[in-house]
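Student: Could we look at a protein chain together? I would like to learn how to read one step by step.

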Amino acid sequence: MPAGATQDEACRIAREAFLVFEHKEGSRMADEKDIPTIVRSMGINPTGVQIEKLREQLRSAQPEETTLIPLDSFEQVVSAFALSNKNELIRDDYHKLMRAFKALDPEKKGYIDADTFGSLLSSRGEALSSAETSTMLSCASEAATGRVYYEDYAYKLAINGRKV
């Protein structure tokens with residue numbers, strides 16, 4: 001979410017992210033389980049607690065029991081959330097990520113073993129689920145070597161349309 005984003009811009013960003021994950025093309029609905037991924041694809045980084053609050057808001061806006069969330073509800077709830085919490089949701093920049101990765105690499109090899117990285121992701125701080133860890137490792141590590149070359153990965157995490 002760009003600094004100084006307006007309500008209209010926040011709605012546009014939410015809509016574009018939502019439509020990528022649309023349940024069935026043209027349905028303007030997305031599965032509730034995809035909400036964390038959709039929200040994070042907007043370039044913001046909410047905590048698990050914040051994601052759960054968003055899910056609750058989206059569920060309460062539904063007249064019936066369903067796991068499908070309509071675009072209109074998503075756009076309204078998520079854009080308001082993103083704008084009201086924008087200072088807390090900014091992703092870390094490349095340099096901060098590099099400092100964190102280097103702290104995990106005392107031998108200065110330039111990589112972290114994927115198993116070690118996965119273990120840390122699922123056990124420290126706001127621990128990721130095994131599915132989230134697997135998804136992250138599939139993007140972060142090289143299958144052939146089982147290594148996370150963190151300079152490249154930090155760049156991928158930080159860039160999201162911004163200058164490093």
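Predicted model: local features only at pLDDT ≥ 70, side-chain atom pairs only at ≥ 80, totals over all residues.

Tutor: Residues are numbered from 1 along each chain as its sequence is written, and side-chain values use heavy atoms, leaving out hydrogens and water.

Student: How many helices and strands does the chain have?

Tutor: Helices (H or I, at least four residues) and strands (E, at least two) are DSSP runs, numbered from the N terminus. Starting at that end, the order is α-β-α-α-β-α-α-α-β-α-α-β-α. The chain has 9 helices and 4 strands.

Student: Is phenylalanine 18 buried or exposed?

Tutor: Phenylalanine 18 sits in helix H1, residues 7-20. Buried means under 20% relative accessible area, exposed over 50%, and partly exposed in between (1.4 Å probe, protein chains only). Because the relative accessibility of phenylalanine 18 is 0%, this residue counts as buried.

Student: Where do the buried residues of H7 fall, seen down its axis?

Tutor: Helix H7 covers residues 114-121, and its buried residues are Ala114, Phe117, Gly118 and Leu121. Taking the directions from the helix axis to the C-beta atoms, they fall within an arc of 100 degrees, so they line one face of the helix.

Student: Which elements do the buried residues of H7 pack against?

Tutor: Look for both helices and strands here. The buried residues of H7 pack against helix H6 (94-103), strand E3 (112-113), helix H8 (130-140), strand E4 (147-148) and helix H9 (150-159).

Student: How many disulfides does the count come to?

Tutor: A disulfide is a pair of cysteine sulfur atoms within 2.5 Å. Cysteine 11 is buried, at 13% relative accessible area, whereas cysteine 139 is partly exposed, at 48%. By the distance rule, the count of disulfides is 0.

Student: What percentage of the residues of the chain count as buried?

Tutor: The C-alpha atoms fill a box of roughly 55 × 35 × 30 Å along the principal axes. Out of 164 residues in the chain, the buried share is 37%.

Notes
Contact = heavy atoms within 4.5 Å.
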